[in-house]
Amino acid sequence: MFATLQNPLALVGRILLAVLFIPAGFSKITGFAGTVGYATAMGMPMPTVSVGIGLLIELLGGLALLAGFGTRFAALALAVFTLVASFIFHGYWAVPADQQMVQQLMFFKNIAVTGGLLAFAAFGAGAWSVDAARSPR
C-alpha cells in the first residue's frame, strides 16, 4: 500500500517542508535590518553576512526542495542550516525558566525538521520531481 503512496507522500513532504523555509527567506529580505539586529543580539558571528547566507539557504533551498531540483543537496544544506540555527536561536538550556518550555519546543521541532530533511537527502525527491524528470531512464 505505501509503495503506491511513495511519490505523492514525497511531494507533500517536500511542500510542507518548503512552506517552512520559503516564507522565512522572504521575511529576512523584507525585514533584513531587524533580522540582523536580532542575530547580533543572539551573538551570531558576522551577523549581516550570516543572515544573508541564511536567507539564501532558506529561499533557494526551499524553492529547490519544493520543485525537487537538486533535492539531496538542498535538503542537506537546509538540514545543516536548521541544526545550527537551533543551537543559536533556541538554546532553551540558557534562558530563564519561564522561557524554557517554548524554546525547548522550538529546538526539538527544528531537530525533527532536520530529520525530515535528512530523509530527503538520503532518499531523494521521489518520481514527482524535477530531479526524476532530468535523470536518464
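**The whole chain**

Begin with the complete protein in a cartoon view, and bear in mind that this is a predicted model. The protein contains 6 helices and 0 strands, and its pattern along the sequence reads α-α-α-α-α-α. The C-alpha trace spans about 55 × 30 × 20 Å along its principal axes. Of the 137 residues, 36% count as buried. Now switch to a surface view: the protein exposes about 8000 Å², and carbon and sulfur atoms supply 76% of that area. Among contacts between residues at least 6 apart in sequence, 68% join residues at least 24 apart.

**The largest nonpolar core**

Return to the cartoon and select Ala 10, Leu 17, Phe 21, Leu 65, Ala 75, Leu 78, Ala 79, Phe 81, Val 113, Leu 117, Phe 120 and Ala 121; these 12 residues form the largest nonpolar core. Which elements give two or more residues to this core? They are helix H1 (2–30), helix H4 (71–89) and helix H5 (97–123).

Next, centre the view on Leu 117. Leaving aside residues up to four places away in sequence, Leu 117 touches Leu 17, Phe 21, Leu 65, Ala 75, Leu 78, Ala 79 and Thr 82.

Select residues 32–41, which make up helix H2. Its buried residues are Thr 35, Val 36 and Ala 39. Why do they lie on the same side of H2? They cover an arc of only 100° around the axis, which puts them on that shared side. An α-helix has 3.6 residues a turn, so residues three or four places apart point the same way.

Show the neighbouring helices as well: the buried residues of H2 pack against H1, helix H3 (47–67) and H4. After H2 comes Gly 43, whose phi is positive, near 85°.

**The aromatic cluster**

For the last stop, select Phe 87, Tyr 92, Trp 93, Phe 107 and Phe 108, which form one aromatic cluster. The protein has 8 aromatic pairs in its count. One of them joins Phe 87 and Trp 93, a tilted pair with 5.8 Å centre to centre and 50° between the planes.

Is Phe 87 buried or partly exposed? Phe 87 counts as partly exposed because its relative accessibility is 47%. Trp 93, at 46%, also counts as partly exposed.

Phe 107 is buried, as its relative accessible area is 6%, and the cut-off for buried is under 20%.

Conventions: Residues are numbered from 1 along each chain as its sequence is written. This is a predicted model: local features need pLDDT of at least 70, side-chain atom pairs count only at pLDDT 80 or more; totals for chains, interfaces and linings use all residues. Side-chain values use heavy atoms; hydrogens and water are left out. A nonpolar core is a set of buried Ala, Val, Leu, Ile, Met, Phe, Trp, Tyr and Cys residues joined through side-chain atoms within 4.5 Å. Buried means under 20% relative accessible area, exposed over 50%, partly exposed in between (1.4 Å probe, protein chains only). Helices (H or I, at least four residues) and strands (E, at least two) are DSSP runs, numbered from the N terminus. Contact means heavy atoms within 4.5 Å. Accessible areas come from the Shrake-Rupley method with a 1.4 Å probe; for residues, only the protein chains shown count as cover. The arc is that of the directions from the helix axis to the C-beta atoms. Rings of Phe, Tyr and Trp (its six-membered ring) pair if their centres lie within 6.5 Å; planes under 30 degrees apart count as stacked, over 60 as edge-to-face and the rest as tilted.
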